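I opened the model to look up a few things and noted each as I went. The entries follow the order in which I looked.

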Amino acid sequence: MTKEEVYKRLNEVFREVLDDDSIELHDETVADDVDGWDSFEHINLIVGVEEEFGFKIPMGKVVTMKNVGEMVDIILEMGK
Amino acid sequence: MSITSFYFLVFITIGVAFYYVLPKKIQWVVLLLLSLVFYYFAAVPYTIGYLAASTLIAYFSTLWMKRKREKQNQDAKVLPVTMIALLINIAIWFVVKGRDLWFPFASGFMARHDVLQIDAEINLRMIASLGMGYYTLQIMGYIIDCYWQNAVPQKNPLKLFLFVSYFPQLTTGPISRYAQLETLYERHKFEYQNISFGAQRILWGFTKKIVLAERIGIIVSALNSDMSTYTGFYSWIAILLYPLQMYADFSGCMDIVLGVSELFGIRLAENFHNPFFARTSQEFWQRWHITLGTWAKDYVLYPLLKSKRMIRFGKFTRKKFGKKAGKFLVNMAGMFILWMVMGIWHGGLRYIAGVSLWYWVILMLGDLFAPVFLKITNKLEMKTDSFAWHFFQSGRTYLIYAVGATFFSVGVTDGIYRLKDALKVLCVKNYANPWIFFDQSILNLGVTWGDINLIIFVSVIVLLVAILREKHGYARIWVQQQCFIFRWMIWISLFIIVLIWGKYGPGYDASIFIYEGF
Amino acid sequence: MRKNVKTIISAIAFCVIFASVFQYITNVYRPSSGYDRTHIIAFDEQQDLDVVYIGGSACFVFWQPLRAWNEWGIASYNYATNGLEGANIEYMIRHSESAMHPDLYIVGVRPYQLWSESGNTGTLRYVTDSWSLLSPARYQLINSFFKKHNSTEKVDYPSYIFNIINYHDNGDVLKNPANWHYKEAHEKAPNKGWEWVEAYQYLQAPKGWNTTERTALINGAEAALRELCEYCSSENLNVLFVVCPYYIEQEHQKMYNTIDDIVSEYGFDFLNTNEYYDEIGIDFNTDFYNRRHVNCFGAEKYTKFLGQYITEHYNLRDHRGEKGYESWGEDYRRFCSEEESYKQSIKKIMENDLQGFELAEKLKKDKDISSWYLNTKSNRYTLLIYNNGVSFENDADLEMVCSKWGITANSYGCNIVSDEVIKEANVISEELLMEGVIGKDSPANGVAYSISNEHLMIDGMDYYENVEGLIIVAVDNNLQMIADRIIVDTSSDNYVIKR
């Protein structure tokens, strides 16, 4: 999996969960940058990511991830 | 020893001196000893056993976790032990601190079933330790962090005990994470900036607490002591003043705590960030008692929402009621549990009413009607970026908090009475008594015009500082940029204000912080 | 390096400014209550003194430092406040020793005789508030004071160490110019701690007070006294313990005997001037203004006597003519002119009071009730009116009866102290009919009276005579004795005096 592929699929998940087709994610994107990404949606997004990529993200990482870039790193690592 | 007492100031002066004079290797030991000394004078000494118990439970469970994982790889089943450790801590807290929640039921039960009457003596024996609400959450956070492998378990039990009992934050928080406080064990060089910033912050905290909060407290106490007389607009005064008192009291306390910790070179997390600038109640809770909110979010909400049951429930509601409604129902459930936890942590029915239920309703309504409001403001082409709109939103935030805080202040039954009374002013003909503002009856509440002027003056300064903070991160950064004469004038003026108009000295009880009881 | 030095200098400068502001506010807020604080503060401004006289009001209205200067060239000072308590004295000596080394300390011992159980923190503050924060004696005194006294309330030590804690609430001080000019207001003790009092009281010399018995001192007094003696003896100080002349009682004398024993153990002198009325030439009829204090006539005699005593018994230098002591001469001249005017006014009061004897004689000869009453209708007299065993017509009460000749309870000049009356004339009751205090102005300077069916006590003396009738006793307020007593016959409409 390359980073671009991850971003492509990740964008899909976000757009689906948050009901917003205009979302474009980058490494530095944080929750404040995206409309509707609050604590509740955060979990929905995580669940969506887990379903999309097929693995469970450990709770510890859910709590500490700071931005989308970290999320992508986690996905890449878990995917190996 | 209260943290606004003269003795405390002497205590930290000596403490800081020792801290920087002794070898850096044992600085954490100095902090530990200071915490023990503080505990001895600030609380009933033997209750430190509770802290020790929590520490040992965390210590053994986390080390066991680590060892099990090393032996059996990451698949080791450590959850049961983790849960037991957490539950024991919760149980201790509940039995000792949460007494208001179970005692009425228990004594009633025992009375009905002719079991031995719980008498006052047993009641007394359950004296809680200082800061039980705060350190319990903190140590639970540590255990969970170790379970999630976000933290490496501490091998030295004394160091862990320092994490639990660190004296500046013991009585009123903030609730720190283990990662934030690992700096306790590091070496800290003497930096003049730490001392000056810390001292400035402490001075500012004193101003808010003993000049502003105590003064407003006189009025509020007078109004609370005789609610049947003080009706009509008096209720409004009480309702609207109390949030200001709470803010000045709690955030002033935080300033002292963070300032003291800064003297030792240890940065604690902020607990307040101009809460009344918040545009929505949701934002309010990201600015008020921040560490409690983030703790609840990370350790209660997230695990809850990510649990299988919740996910299944979410899928079910989305299928049945559609995406939007389904999400809303999940949110409602999650919020309810989250808010009940926060309310229960405060340890009393009045907090569950005033914090949990009230805010849960408000936030749910806000969520429900958000799209409607958006449509309205768009239709009416309101300038939502303007200062006027922000002012309106802040006022709304303040008012919402004021209503909830009424329960905080006088309890559930009196709170309902007072709120009803306030409504009567608006709805019932001839009920309002606006003349009380003009006939000097305010002076019967135990304050003089001088006091009221001072309240207004210091409130304005607090507002200015809040604005500076919004712009510069910290007001003192802006102060630091000014020339030294201006800076010195500010600090000396604050000192004079606290010295002359502070409510301290013989004749005042060592002022208790409102949040010290948790 | 430069930055560090700059930081250190600015830090020190800030701390200095901080401390100055703190000290300034502390001084402004310190109550400027008259001469008590002045005496303590001004002491620190004095140059080398030869004699320091420590005590309560029994010091600063007795010893005249400027007179002592004029007679013997001694530089002395009254280091005293009103109601000074015994626990303070040792530390005042310590404080004094830190700045100068007087040849002699005179300690008035009333503060040890009058020891109070809980201790008067007000008078403690006269002293501790006035001492600098850098004075060790300040902290020692605060510590010792509360150890020696049993306080019922929790002691707030910080408010004694930093007195601003106690006073910062009192916004009224900012209205008082004296507080802002605390330096000017407090520096002056122009008469070196001596204070004028314009008052006079006729007294008679106390009798039967002398005894050789001893009685223990109250609570911590003995400990305080012993500690004082130990300190002074270890520093080889000369200390003279004195009792000033006053209306002494036997119980007091017993304690003085005890004090005499204690200080003699340490080799200090004890002088009870009450044993030397003749030598001093003190006259209780003319020289006092109340039972415990002399007026300036008595003070002059006392100073001359005591000054003679100390120059004979101690090695004191005569500084008259010496460089640096010129101001003492100037002060003495001013003191003399002040003395002139005070002596005149006190003489006037004395003459007025002593006139009471003549007037009493006149009263006794008066046979007519109206004129008798007119003569007693003045501030000079208190009328005690009571009814002994007589009933009035128509159940009239005393006030109604008295109003017949114009006496009412609120009559100007007539202090009617009668009130309840026995209506049943034949009931003889053991109970007290009335009691109170009569005297010049404040109850503290008055004498107690009480009347019952069997007693007429005024100032401890019983003037009871077994006569029936409406009795009016005229007491001279100034002389504190009975001027005249009449019995009024109310059987007929025209009241008549019987004697």
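Predicted model: local features only at pLDDT ≥ 70, side-chain atom pairs only at ≥ 80, totals over all residues.

Which residues is C:Ala483 in contact with, leaving aside its neighbours within four places in sequence? I found C:Gly356, C:Leu359, C:Ala360, C:Leu363, C:Tyr381, C:Ala474, C:Val475 and C:Asp476.

Residues are numbered from 1 along each chain as its sequence is written, and chains are lettered from A and ligands numbered from 1 in the order in which they are written.

**C:Ala483**

I placed C:Ala483 in strand 15 (residues 481-489) of chain C. Helices (H or I, at least four residues) and strands (E, at least two) are DSSP runs, numbered from the N terminus. C:Ala483 counts as buried because it has 23 C-beta neighbours inside 10 Å. The cut-offs are 20 or more other C-beta atoms within 10 Å for buried, 12 or fewer for exposed, and partly exposed in between, with C-beta atoms placed from the backbone. I also looked up C:Glu358, which is 125 residues from C:Ala483 in sequence and 9.7 Å away in space, C-alpha to C-alpha.

**A sheet in chain C**

I looked up an open sheet of five strands in chain C, with parallel pairing and the order 2-1-3-4-5. Strand 2 (76-80) and strand 5 (269-272) of chain C each have a single partner strand, so one side of each is left without a neighbour in the sheet. Strands pair if DSSP finds at least two bridges between them. Strand 1 (residues 51-55) and strand 3 (residues 104-108) of chain C run parallel and are joined by four bridges. For C:Ile54, the bridge partner in strand 3 of chain C is C:Val107.

**Chain A**

I listed four helices and zero strands in chain A. The radius of gyration of chain A is 11 Å, close to the 12 Å that the globule rule gives for 80 residues, so chain A is as compact as a globular protein of that length. That radius is taken over C-alpha atoms, and the rule is 2.2 Å times the number of residues to the power 0.38. The C-alpha trace of chain A spans about 30 × 25 × 20 Å along its principal axes. Of its 80 residues, 29% count as buried.

I then checked chain B: 13 of its residues are in contact with eleven residues of chain A.

Notes: Contact = placed C-beta atoms within 7 Å.
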